[in-house]
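Hello,

Here is the structure I said I would pass on. Please have a look, then read my notes below.

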Amino acid sequence: MVINDDLTPEKVASYLPFSGLQPDIPGRIINVTHQIPYNVIRKKNITTIMEDQPTTIPSPMTTPSTINGTELTTNDESGAPISKVSRRHHRQHTLRAKFHVNDWTVVQRRGHAALYSGLQSLSKDWETIHIGWTGPIKDTTSPHQKNKTNNPEGVSATDKLALKQLLWDTGKIVPIFLDSQSRGHYEGYCKEVLWPLFHYVVWSTATDGRAEKRNWADYKAVNQQFAQTIIDHYRPGDIIWIHDYHLLLVPEMVRKAIPNATIGVFFHATFPSSEIFRCLTTRNEILQGILGANLIGFQTFAYTRHFISSSTRVLGCESTLTGVNFNGQIVSAGTFPIGIDVERVYTFCKQPQVQPKIQSIREMYQNRRIIIGRDKLDSTKGIIQKLHAFEKFLHDYPEWRNKVVLIQVTTPTHGDHGKLESKISETVSHINGMYGSLEFTPIHYFHQDIDRDEYYALLSVADVGLITSVRDGMNTTSFEYIICQHETSQGPLILSEFTGTAGSLSAALLVNPWDYAGVARAIHDALVMSPEEKQTRHEQLYKHVTSHTAAFWAHSFVTQLVSTSEQQSLQPQSAQELNLQEAASAYNRAQKRLLLFDYDGTLAPIVSVPSDAKPSKDMLEALQKLCNDPKNQVWVISGRDQETLDHWLGNIDNLGLSAEHGCYIKKKNDTWENIVEQVDMSWKEEVTKIFNYYTERTQGSFTEHKKSSITWHYRLADVEYG
């Protein structure tokens, strides 16, 4: 028995991805997101922060009540409920860090708080840098000039240097200044092609493809700019973590420049089934770009399974439940549900302006139960389905009429959603007309942005939270609702089973948003739920949200990425890509050369029908040129039969041929030699029966008969169920 003293329990545990031990990262973590966590604004005469004050800047995810001694206060409408806030209201000050240099103001960006909070948490344990686009730059230097510009030429070289230095000193942020291509990248390809398809919204109208082609060119150009920025800042030992569908080509681009880099990708959106994904015209390029990573993370197991299936069906890659074999390397794919910054949300809930709003909302809807819905204006959020389900609830449970109100807040988003907004307004008017009266309005609908205090007041005051997304990557509103409810009524959460959070929040009332009767029944069950059941369900939900935070998500992914990279480094090395310069140099030095060429996949591309793999004119000329050199011995080794090789390659002088995998050999300028002449071929009859049996039952397959072998082709059959 051999005992290895070096194999200690601690060392064994270090290889486990969730062992609780922090992985040893020799370099930095390079976080790459589409946009940095700040908005950049050009604004003169800034008085919020004086230039002679020290630039002590809070981190992007902190929640201070003062910045450099300047308190952030609210306006006089702090106690007003949402129904009294003008649609075109002025935003009050909220807890967002604001600082500046020269004429430039940098303010924390709204949205994606879970992502930025998770990335920020990594800086507590490792050195990190953050690469991202500045976003549209707003210029307010003139009273008549309040437009946003994406053009970096509008920013002088001096200002760029000042902004770069300020962002680096603040949070080691590396800004990318994109030109006009950013519009085709984000508003074009991301929002008009990728986002709809990933959310199962397949295009209903056909186009000539010219706009999509231009946007795809911009998408590639922007991805290349991100990749180059990563390459410029990369150091040996660094870990690269790329986020979401805006940058899906970056992993492969970086991999080509830095073959041994540790690269992770996290997909925050949904990933559709292979039947939907294959509708994408650039499906091969997108998948190959993603597979440049070592580890690919998704919100749910279903999204992971869809990606692996797409890689198999579209690219023909071999796969397992945990990864894809791409170019001889196993690329891992896993599930890492994101969380929220619980302390941050709790701090916002406890702001002094929140409680007056809670009280105002309660007074306005006194003696009525409140159902809260807050969604972005998007067809994937299921707002229409929610309204129809609420209408079904009022119809099936008349005892609740005049006792329950639905407050639905819909925030504007990018894109033309005019038809959806009109349909929502019409549906609300119909329901209010049907079930309302002079004293009672069942649905209070607000199509507007709301301030943070109003948002958390709504989540806190609700008796029921209602989320009916028809397709949603994660939906962190459900997490925030649970935190806000912890010290209030602990109201039940009704959650669509098509959200990414549904798999984690099993104690919520899960519903199918298309089943209006089922959602109506869930609303009734939530309203009559006993206090004991409310508490039991809430405690289970609260325990999950507070333990699976944004920091936990980020650390889990990084730990798994390091472990995956280490495991892949122990795998047998796959065949390296041919270095043309070295091969040419060795060729020129050699006095005797043996050149062995496979046919299918080397001299001719792999095709669905074997007889279509005919040699090209250029290939034949190149092969003849090699055979003309007296220093060369050139052979083509193939599974093809003698007749086919003679027909396609027989006119090339000085070429050796090997047919049916070496069963028949033809030396240069000679005749065929039968190597298996003495072999008994009676086995072919029984094998043919077996092959015919499976061919009849496997759509797309066929049998090819040769002199010394029988080949069953299933290339056209279904990759999983064929």
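What is the strand order in the open sheet of five strands? The order is 23-24-25-26-27, with mixed pairing. (Strands are DSSP runs of E, at least two residues; helices are runs of H or I, at least four; both are numbered from the N terminus. Two strands pair if DSSP finds at least two bridges between them.)

Two points on the source. This is a predicted model: local features need pLDDT of at least 70, side-chain atom pairs count only at pLDDT 80 or more, and totals for chains, interfaces and linings use all residues. Residues are numbered from 1 along each chain as its sequence is written, and side-chain values use heavy atoms, without hydrogens and water.

Strand 24 (residues 632-637) and strand 25 (residues 655-659) run parallel, joined by four bridges. Val634 stands opposite Leu655 in strand 25.

Now the salt bridges (a side-chain nitrogen of Lys or Arg within 4 Å of a carboxyl oxygen of Asp or Glu). The count is 16. Lys357 pairs with Glu454, closest N and O atoms 3.8 Å apart. Lys357 lies in helix 11 (residues 354-364) and Glu454 in helix 14 (residues 452-461), so the pair ties together parts 97 residues apart in sequence. Lys357 is buried at 1% relative accessibility; Glu454 is buried at 3%. (Buried means under 20% relative accessible area, exposed over 50%, partly exposed in between, with a 1.4 Å probe and protein chains only.)

Asp629 and Arg593 also form a salt bridge, at 3.2 Å, N to O. Asp629 is partly exposed at 23%, while Arg593 is buried at 10%.

Best wishes
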